[in-house]
Amino acid sequence: MSPNTWLAIIGGSSVRNLAKVSQRGFTSYNVSSQFARCCSSPPSSAHRRLERRKRVEMAGASGKKEKVDKAGPSGGGKKKKDVKKETGLGLSVKKDENFGEWYSEVCKHEMIEYYDISGCYILRPWSMAIWEIMQTFFDAEIKKMKVKNCYFPLFVSPGVLEKEKDHIEGFAPEVAWVTKSGKSDLEVPIAIRPTSETVMYPYYSKWIRGHRDLPLKLNQWCNVVRWEFSNPTPFIRSREFLWQEGHTAFATKEEADEEVLQILELYRRIYEEYLAVPVVKGMKSENEKFAGGLYTTSVEAFIPNTGRGVQGATSHCLGQNFAKMFEINYENEKGETAMVWQNSWAYSTRTIGVMIMTHGDDKGLILPPKVASVQVVVIPVPYKDANTQGIFDACTATVSALSEAGIRAEEDLRDNYSPGWKYSNWEMKGVPLRIEIGPRDLENDQVRTVRRDNGVKEDIPRGSLVEHVKELLEKIQQNMYEVAKQKREACVEEIRTWDEFISALNQKKLILAPWCDEEEVERDVKARTKGETGAAKTLCSPFEQPELPEGTLCFASGKPAKKWTYWGRSY
Ligand code: 87F
């Protein structure tokens with residue numbers, strides 16, 4: 001592998017482009033300009049470039065195959081009619097009509113900002129808060145398992161990457177390299193971590209000496225860089241993303257096996273309990289597992305609108321492959337030299353993209369209460385002759401009462417927006433519950449609640465505000481999960497023959513098929529389904545297996561089936 005064949009990224013040009021973008025100042029939040037967003041001044045070339053790239057990147061969410069321009073940081077791609085209509089409030093496209101554009105628009109309110117380097121996105125506070133809530137949960141859980149946090153450097157020397165070249169070979173085109181400092185070439189180019197096995201394991205070899213050094217359980221919260229060339233999509237596939245990566249070493253395979261499943265269960269909980277997204281736990285096929293490991297387990301989600309599966313998180317048992325490569329040996333109780341058993345596991349900011357795709361609707365985002373940084377927004381509804389100050393005070397008192405009870409609540413007392421505009425704005429941002437307070441509510445000592453998930457309105461006495469709101473938030477969380485699960489279940493199709501498989505694939509189904517579990521057969525299915533929208537592959541073999549009657553045949557090869565496996569196109 002010559003560094004020349006890898007991508008070199010460094011230098012000042014991107015920084016200069018960034019400066020241009022930030023001078024545009026085209027985001028506007030006042031009432032009059034909301035109907036003419038983006039259109040008030042002639043777009044600069046940086047703006048035009050950014051807009052062009054956004055169109056290419058929208059195709060990513062819809063799952064269409066579009067390539068990122070390999071030539072440079074500005075991306076580019078084929079020209080497409082700009083379909084965005086300015087309708088002022090709300091979204092300009094419907095989820096069912098143009099999923100890619102819908103996703104992009106929803107993300108922009110106010111989860112991400114596009115950046116002038118293709119495949120890179122700014123995570124705004126609205127999405128970062130969600131990441132932090134999941135992080136708090138997961139971090140506490142792994143600490144209960146005696147995992148310790150650490151931080152290893154971002155840079156990888158070519159030497160250690162080379163050491164691991166068998167497993168890195170397939171990934172090599174995605175490794176980004178620093179080749180210069182200022183104007184001079186570096187003597188030795190330095191890679192930017194795409195994952196940290198090669199960064200961490202030399203030190204595992206140094207730190208693990210005797211059986212008392214085991215188990216070693218480390219985790220780091222960090223960013224990684226993978227220079228992808230296809231379908232950049234906010235959160236789902238970006239060139240830099242945030243994740244946690246856990247790397248553990250044990251004396252026995254049994255301990256490693258047990259941890260793989262403990263971690264996978266935490267990933268299930270993140271999706272199902274926090275993000276209200278149903279997932280399937282299962283085993284990856286030989287083709288789809290992490291090549292450097294022994295076996296890979298995953299949680300898999302499904303996006304009904306595009307008919308695509310999405311790998312939610314992975315928990316790998318690495319076996320002793322890396323221990324061999326990096327000489328991670330220890331002296332066991334009998335005084336013999338033994339090799340460690342290792343695991344690695346990760347979930348990333350992709351989780352947020354899956355959540356947006358699952359729950360969003362034609363009004364915008366819908367955030368599950370457990371991850372929403374604002375769970376309740378309180379909006380005053382003053383009328384001409386009403387006691388405006390009294391209404392404002394009631395709003396403030398409501399927020400205080402909710403906040404004291406540990407509910408994340410905010411008031412919107414801005415006087416330059418109408419209540420109707422505020423309703424739409426907070427709906428677009430996905431706040432799970434809205435409270436409206438008007439003159440009649442003040443008279444009746446009540447507030448009006450409006451659920452974001454189903455629009456149901458209710459008047460509740462202020463005396464029981466906190467209990468009611470707590471209950472409502474729990475109901476919303478539960479309902480979002482149930483609705484998402486029903487939608488996914490409606491897409492599952494159990495098939496037995498090749499014709500049924502193709503028909504289900506064309507209908508964007510999540511296919512459950514009896515399979516012989518042979519690598520060659522999966523490769524063949526991929527080749528036979530390759531087309532515009534990407535090939536079908538295995539997603540996982542669910543741990544919960546339906547009964548497989550004796551004599552059931554593989555849908556693709558006609559050989560005896562060994563297991564039920566989920567198949568589909570995927571992100
Ligand atoms: C891209 C470039 C270089 C994925 C890559 O899943 C290397 C890699 O090793 C690479 N993309 N991978 C596999 C990552 C495996 C593993 N690493 C630790 C995980 C969990 C956390």
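The model is predicted: local features need pLDDT of at least 70, side-chain atom pairs count only at pLDDT 80 or more, and totals for chains, interfaces and linings use all residues. Residues are numbered from 1 along each chain as its sequence is written, and side-chain values use heavy atoms, with hydrogens and water left out.

**View A. The shell around the ligand.** The ligand is surrounded by 17 residues. His167, Phe171, Thr195, Glu197 and His316 are the closest. By type, the shell holds eight nonpolar, six polar and three charged residues. Here Ala, Val, Leu, Ile, Met, Phe, Trp, Tyr, Cys and Pro count as nonpolar, Asp, Glu, Lys and Arg as charged, and the others, Gly among them, as polar. Helix H6 (165-168) and strands S9 (240-250), S12 (308-319) and S15 (341-348) each supply at least two shell residues. S15 gives the most, with three. Helices (H or I, at least four residues) and strands (E, at least two) are DSSP runs, numbered from the N terminus.

View B. A ligand nitrogen lies 2.6 Å from a side-chain N or O atom of glutamate 197. For threonine 195, the distance from a ligand nitrogen to a side-chain N or O atom is 2.8 Å. A ligand oxygen is 3.5 Å from a side-chain N or O atom of threonine 314. The protein covers 94% of the 480 Å² of accessible area that the ligand has on its own (Shrake-Rupley method, 1.4 Å probe).

View C. The axes of H4 (residues 125-144) and H10 (residues 350-359) come within 10 Å and cross at roughly 115 degrees. Axes are lines fitted to C-alpha atoms over the stretch in contact, and angles run from 0 to 180 degrees between N-to-C directions. H4 and H10 are therefore roughly perpendicular (65 to 115 degrees). The axes of H11 (residues 388-404) and H14 (residues 465-489) also come within 10 Å, crossing at roughly 65 degrees. H11 and H14 are therefore roughly perpendicular to each other.

View D. Most residues other than glycine have a negative phi, and most peptide bonds are trans. The bond from histidine 109 to glutamate 110 is cis, with omega near -15 degrees. Glutamate 110 sits in the loop between H3 (99-108) and S2 (112-114). Leucine 214 to proline 215 is also a cis peptide bond, with omega near -10 degrees. Proline 215 lies in the loop between H7 (197-207) and S8 (216-225). Asparagine 231, in the loop between S8 and S9, has a positive phi, near 45 degrees.

Definitions and conventions:
Near = heavy atom within 4 Å. Polar contact = N/O pair within 3.5 Å; in protein donor to acceptor, adjacent residues only side chain to side chain. Parallel < 35°, antiparallel > 145°, perpendicular 65-115°, else oblique.
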